[in-house]
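Hi,

Here is the model I promised to pass on.

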Amino acid sequence: MSMASVDIVAAGRIRRVRRRARVVLALLALLVTGFALTLMLGQSFTPPGDVIRVLMGHDVPGATFTVGQLRLPRAVLAVLAGLSFGLGGAAFQIMLRNPLASPDIIGISSGASAAAVFAIVVLRLDGAAVSIFAVAAGLGVALTIYGLSWRNGVAGARLILVGIGVSAMLDSFISYVLVRAPAWDLQEAMRWLTGSVNGARLGQSLPILISLLIFGGLLMSRSRDLQALRLGDDSAAALGTHVTRTRVMVIIAAVGLIAVATAVTGPIAFVAFLSAPIAARIFGSEGSLLIPAALVGAVLVLAGDYVGQFLLPSRYPVGVVTGALGAPYLIFLIVRAHRSGA
Amino acid sequence: MTKHSLSAHQLSAGYADTIILEGLDFQVPPGQITVIVGANACGKSTLLRTMSRLLPPRHGQVLLDGKSIHRTAPRQLAQVLGLLPQSPIAPEGITVADLVSRGRHPHHGMISRWGRKDDEAVAQALEATNIVELAERPVDELSGGQRQRVWIAMALAQQTQVLLLDEPTTFLDISHQVEVLDLLIDLNQQRGTTIVMVLHDLNLAARYADHLVAMAGGRIFASGPPADVLTEANVRHVFGLESRVIADPTSGRPIMLPLGRHRMAKTG
């Protein structure tokens, strides 16, 4: 072995690590800027000084209500939900090696949403009970589609088709519950069908924060093995990865992330589906996509909500905006998959 | 250098409700090149998959240095036993150096950091497979032969003393097949790596094996030096094919010439 080739390898690796760090930092900067802007800009402009004083707990006439009660809870919820959707979506897509295998396509988000709406509208539950309901339903859906598509192992394409069917069933269940609900309200209906951060309260973000710490932490601890799974199950096993155990842990973590966030915001359309592919575009395929995808998810929800609130002729919930963004990409993927016969 | 012993005892394995291997015994000669041949569906790949922990056995066991591999921690096993599966997947856009460095996976835990030793292992693997100049190229852009060398480089970067390969020459043209096999011989001679591979081409198998294994119906039908295993009678039994076996004028190894039904008479 010559020194020259070691140097080539080391230089290439350092270049990849630096590039990765630069992209993550840029995304983080974008997110922080977006967050700050949404606190300052709304129907009226609040100067940065006032925003900071409100955040520090001072009473600023006018600003304390708009920033402290309206904009801050909304922005925090948008960021935390976006991080959860981005992470959960990326985990599924990486694990099943297919961008269509996202939880919002294969019915896991719909399952969590259906459970949440059932718990709230019919059982009259709230808070943590709704989250637990949603997580249980999410895991139930994951288990169901896994079981239904099992035939000597799980093939990605079969799982996706089964998932799309399950997803459609759950969506009609959501509509049924909403139509039968005594206090039927359009805003609420939109939340459980396409996702919304309307009427956010700071307390709602707490379960999502806890879920990010627990499930996000679990997922990050499996990040290396998830990377190995990208080379195929056989290669991953040959490299010393415990394939089944990794799968189970990743599914639990990703379903937890998606379901807890969905129990609050509803299934914000296509954020889980779009985040990792966008992150991969910017980031390349080097290293783990989890953190970049989480940041992209947060930026998407934050920006999507801002556009829906202020930049369109009438106010739309964030899911309508992200849905409009995701649908063309979904069509593109299906057309491409069909052409290559996959 | 310690030579690891790998063996299968009374091994039965299969998928769902089909048993493919039945009560198979197999001793891998340490430090040698073993090539497994046999007709389609005779259990070659199943044997390799069971011996590398990808498939749990129904009965019997696979022992590495006297310890069952299905009771060894996966990461620990992957430091000694490597496997190149039949169809590994290259993530979209990944570069050669990045893919090869995935071979270091079993040498790292959750917290251990990448070090000089890892860079050296990757560089060594790139040099052994002659792809240093491709290091920064995306794998998607490479030819089939180059790509196969990248996968072998990944297995080399794993630095295992035992390496199993499932048809490493499929989809390659003849010059690349010979190149890959020569590379594996280099590896065996320079590092003493024990190699076990499945090959389709009987003549290449006889040419490159120290120890040739012919499988039929989920069992080992014949095994030993190529000259003893590649015989007209064995080809008839294993492949159901009439043939002539002659000695290769260059290497002295046996060559099998299929007879078939047509074009047998010499024509001007």
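Let me start where the two chains meet. In this predicted model, 27 residues of chain A are in contact with 34 residues of chain B. On the chain A side, helix H1 (3–40) and helix H10 (233–238) each supply at least two of the residues that touch chain B. H1(A) gives the largest share of that side, with eight residues.

While you have chain A on screen, two spots in its loops deserve a click. As background, most residues other than glycine have a negative phi. You'll find A:Arg124 in the loop between helix H4 (108–122) and helix H5 (128–148) of chain A. A:Phe270 also has a positive phi, about 65 degrees, and is not a glycine either. The loop that holds A:Phe270 runs between helix H11 (243–265) and helix H12 (271–283) of chain A.

So are these two buried or exposed? A:Arg124 has 8 other C-beta atoms within 10 Å, and because the cut-off for exposed is 12 or fewer, A:Arg124 counts as exposed. A:Phe270 has 28 other C-beta atoms within 10 Å; the cut-off for buried is 20 or more, so A:Phe270 is buried.

Now for chain B. Its secondary structure comes to nine helices and 12 strands. The radius of gyration of chain B is 19 Å, close to the 18 Å that the globule rule gives for 268 residues, so chain B is as compact as a globular protein of that length. Along the principal axes, the C-alpha atoms of chain B fill a box of roughly 65 × 50 × 35 Å. Buried residues make up 48% of the 268 residues in the chain. Counting the contacts in chain B with a separation of 6 or more, 64% are between residues 24 or more positions apart.

There is also a record to go with chain B: an unreviewed UniProt entry carries the annotation "domain: ABC transporter" over residues 6–242. In the model, that stretch of chain B is 35% helix and 26% strand, and its end C-alpha atoms are 34 Å apart.

One has six strands in the order S6-S7-S8-S3-S9-S10, and the pairing is mixed. Which strands stand at the edges of this sheet? They are strand S6 (81–84) and strand S10 (219–224) of chain B; each has a single partner strand, so one side of each is left without a neighbour in the sheet. On average, neighbouring strands here are turned by 15 degrees against each other, direction ignored. At the S6(B) end, four bridges join S6(B) to strand S7 (residues 162–166) of chain B, and the two run parallel. If you want a pair to zoom in on, B:Leu81 stands opposite B:Val162 in S7(B).

The other sheet has four strands in the order S2-S1-S4-S5 of chain B, with antiparallel pairing. Strand S2 (18–28) and strand S5 (67–68) of chain B are the edge strands, and because each has a single partner strand, one side of each lacks a neighbour in the sheet.

You can walk across this second sheet from S2(B). S1(B) and S2(B) pair in the antiparallel sense over seven bridges, and B:Leu11 stands opposite B:Leu24 in S2(B). The hairpin of S1(B) and S2(B) has two residues between the strands, and B:Ala16 takes a positive phi near 40 degrees there. Moving on, S1(B) and S4(B) pair over five bridges, again antiparallel, and B:Ala8 has B:Val62 in S4(B) as its bridge partner. Lastly, two bridges join strand S4 (residues 59–64) of chain B to S5(B), in the antiparallel sense, with B:Leu64 opposite B:Lys67 in S5(B).

One helix goes with this sheet. Helix H1 (residues 44–51) of chain B lies across strand S1 (6–15), S2 and S4 of chain B, and runs at about 115 degrees to S1(B).

Cheers

Key
Residues are numbered from 1 along each chain as its sequence is written. Chains are lettered from A and ligands numbered from 1 in the order in which they are written. This is a predicted model: local features need pLDDT of at least 70, side-chain atom pairs count only at pLDDT 80 or more; totals for chains, interfaces and linings use all residues. Two residues are in contact if their C-beta atoms, placed from the backbone, lie within 7 Å. UniProt positions are given in the numbering used here, feature names are shortened, and annotations may be inferred rather than shown by experiment. Two strands pair if DSSP finds at least two bridges between them. Axes are lines fitted to C-alpha atoms, for helices over the stretch in contact, and angles run from 0 to 180 degrees between N-to-C directions. The radius of gyration is taken over C-alpha atoms; the globule rule is 2.2 Å times the number of residues to the power 0.38.
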